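Dear colleague,

I am handing over the structure we spoke about, together with some notes on what was found in it.

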Amino acid sequence: MKISTLNFLKTNLIIIALFCFGLVNAQEEDPEKSKEKNEQELNMDAVFSRPTLSFDKVPVTVGGYLEANTMHRTEEGITDGLSFQARRLTIFMAASISERIKFLTEIEFEDGGKEVAIEFAALDVAFHPLFNFRGGIVMNPIGAFNENHDGPKWEFVERPDVAVNMLAATLSNAGFGMYGKTYSGNWIFGYEAYLTNGFSSRIISNEEDKTYLPAHKDGDNLFEDNFSGKAMFSGKLAIKNRKIGEIGISYMGGTYNKFEDDGEEVEDQAKVDVFAIDWNTTIKATGTYIVGEAAWIWAETPDTYTQQYGNKQRGVFMDIVQPVYKNKIFEWEDATFNVAARFDYVDWNVGRFKETNTKIGDQILAVTPGISFRPTPKTVFRINYRYEWKTDILNNPAERAATWYMGFSSYF
Amino acid sequence: MRMKSYLLGSLLLLPLFFSCEVLAPQEPEEYELLDGPVEDLTMAEAKRFIKGDVAFNDQIFTVETGLGPIFTGTSCVSCHAGDGKGHPFVKFTRFGQSFPGVNEYLKQGGPQLQNRAIPGYEPETLPPGAAHTDLIAPIVTGLGFLDAVRDQDLIDMSDPDDLDGDGISGRVHWNTRPDYVSDRPETISKDGKYITRFGKKGKMYDLLHQTADAYNQDIGITSYFEPYDTYSGDKMPSEIDRQTISDVVFYLKTLKAPIPRDQDDPDVMAGKALFGDIQCAACHKPTLSTGYSPIEAISYKEFHPYTDLLLHDMGPELDDGYTEGYAHSYEWKTPPLWGIGLAKDSQGGQYFLLHDGRANSIEEAILYHGGEAENSKNLYRGLSQIEKDQVLKFIESL
């Protein structure tokens, strides 16, 4: 949701005031404690699993992260040269209102503050480890990335294609629901279930000229109006074995079009269903970290519309991160160099043309090797080289593009 | 010691900064692409070309920006990917006219069938019994050169009564034109009609006529030039500004002519000679020249489109029973052959040739020829396989 400049200034004032008030007594979370906590966490806990500053006399913790990079992109031999990007500044603030009631918000400033978005602002009420209420502006629990998107956690400057350009990460909507976790030995089981506002018809009528869930985010009054008038359900089940890894399955879907207007039926009701599987693991012997997600979308469109807007999409990404050197460097204990690689694939229009029975294109395939340096787990410096092949809907020869990135992302 | 290692490690990163261009995909050769401007545009013209390029290739119409409600494509580029030939996925149907003159189905949605509709609307369906034909979009490069050929040059090439007795009797298309178009330099009119030259039947006068009509009939966009909504038939406010249409017209006028390839290949050279020998060049004229154009880069230039822009009887196999303007249903305008070898790069890697994409190879397209081209087709059939391959290789090199 876009907020006005006045609200932006007010927000900043509040944050600065809190910083000033607590500066003397500000404390970082104990790293040992957080390592132990990590083992008990699922991907869905990412929203509360962030380094924050807490203040002795204030029940508030504050944190955030900053991402900046340089980029040099060449598309079919043509380049616009080097650019410097300060992609986002995100600030989060949590408050323990009482023993069982917490509030957390995440506000993101993009494009130098021209775009300000509330990504998350929810009240959590803990009734039981297996039953917690969450309401407000919630992140829909779809895939691995949407709820766990903080820049410093990733070795790549670009966000995964499937997450951002297919599943609309970071996607949040107004609504409420519940979540919970339970433990048994090495096993952890978690769930989330929310009812929120849903998508809009923009997903099948947009300037990308394809079925494109992220186009929904360009709409107005997203946190006030539900375009279709029908609630969207999103939910996730996740299971983790501390020695093996975590796997999650998630779903979100519902009606996306305004099929009734003033009580009159004006269109056939159309639904979108999104299904995702995500996984992450660390191979203990080598320290190799693997994370990824695969997703499928089914969107109903009228037969009389156009195949330009596909009914079925699929995509996957996988990151492999290998620490190669871990030692004290300067004053940083456990500073780590990593080599990493990402595979991205999205097919925005799975199917064959009715007219020719030939395969529909509209795909992207990319590989991104990279190296990263983490002086501490909270800060990452990274160099990535992304090479991509993008085909148009007709499956004409792929347009190739190569992009160098060098940047950093750090919690503060 | 450790500090030295870190510095050395940092220095090793330096080559990365200098390898941006080395590891990047190289720019395709100019002759491999259809898009790009003609040479020698002024800087102001180049800027305008880019504006038109953006409107033509990047502007996607949505429900919010005026798409439809009934349409055949969502953008210019949906029918002309890479400025190339259309794909059957975006083929469109015209209907309602069997004989030269007026379309009898204008009140039933003619001449174009908008076969797609935004949600909540029903697309048009073909009226039972209406004459019709399917069409796919042509390559759009080099159109400025074709637009700048003088009317008199077309008349000079025509031979409607076959006075030279070669069996080829091309004729110019005398047709009406809308009021919003302007005379091209040295235009010639007869009985209130003008020589029209764009479109498969050559019914469009110029690129403004073609562009404004395409926005309206293909995408459902009303404009100052074509203000009537294709769905309701009502006059509507413009959904695109005049400047954008003007920029697109300028873009189309200044797209470069396709660049032939492998012209020194002996087979291509032999094929070129055979192409003339079997009289293909009687209609697919290798060389034309432009008259005056306000765009200096295309003014008084010789170019090689392999067309005469005239209407020819193409025989019963290509006669779909539908026509436009004052052409007969068996008549088609000679399509330029330039760029044909690159056509499949905009058609998903496979040829869809002739007006409706029915031919999947150049040879298949040749064998569909009839009427005035019957003799040429038979001469082609009489060639040895090596000679046929040479002709095909030559055509593919254009």
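Leaving out residues up to four places away in sequence, L213(A) touches M166(A), A168(A), F199(A), I203(A), M252(A), V272(A), V274(A) and I297(A). Please keep in mind that this is a predicted model. L213(A) also belongs to the largest nonpolar core, which has 82 residues, and it is there, with F199(A), V272(A) and Y215(B), among the residues that touch the most other members. Elements of both chains give two or more residues to this core, including β14 (271-283) and β15 (288-299) of chain A and α5 (207-219) and α6 (242-254) of chain B. The element that gives the most is α6(B), with six residues. There is also a second, separate core of 31 residues, which includes W332(B), L337(B), L353(B) and A365(B).

Turning to the aromatic rings, a search of the whole structure finds 34 pairs over all chains. One of them joins F373(A) and F381(A), whose rings are stacked, with 6.5 Å from centre to centre and 25 degrees between the planes. F373(A) is buried at 14% relative accessibility, whereas F381(A), at 40%, is partly exposed. In another pair, the rings of Y306(B) and F394(B) have planes at 70 degrees and centres 5.8 Å apart, and the pair is therefore edge-to-face, since planes over 60 degrees apart count as such. This second pair links distant parts of the chain, with Y306(B) in the loop between β10 (302-303) and β11 (311-313) of chain B and F394(B) in helix α10 of chain B, 88 residues apart. Both Y306(B) and F394(B) are buried.

Helix α10 of chain B, residues 385-396, has twelve residues and reaches 16 Å from its first C-alpha to its last, close to the 16 Å expected at 1.5 Å a residue. Its buried residues are K388(B), Q390(B), V391(B), L392(B), F394(B) and I395(B), and what covers them includes α7 (266-277), α8 (362-368) and α9 (374-381) of chain B.

Is R184(B) buried or exposed? With a relative accessible area of 8%, R184(B) is buried, because the cut-off for that is under 20%. A polar atom of the R184(B) side chain lies 3.0 Å from the backbone oxygen of Y205(B), and, beyond its neighbours within four places in sequence, R184(B) is in contact with residues including D147(B), D151(B) and D206(B).

With best regards

Technical notes. Residues numbered from 1 in each chain as written. Chains lettered and ligands numbered in written order. Predicted model: local features only at pLDDT ≥ 70, side-chain atom pairs only at ≥ 80, totals over all residues. Heavy atoms only, no water. Helix = DSSP H or I, 4+ residues; strand = E, 2+ residues; numbered from the N terminus. Expected span 1.5 Å × (residues − 1). Buried < 20%, exposed > 50% of the residue type's maximum accessible area, 1.4 Å probe, protein only. Contact = heavy atoms within 4.5 Å. Polar contact = N/O pair within 3.5 Å; in protein donor to acceptor, adjacent residues only side chain to side chain. Core = buried A, V, L, I, M, F, W, Y, C linked by side-chain atoms within 4.5 Å. Phe/Tyr/Trp six-rings, centres within 6.5 Å; stacked < 30°, edge-to-face > 60°.
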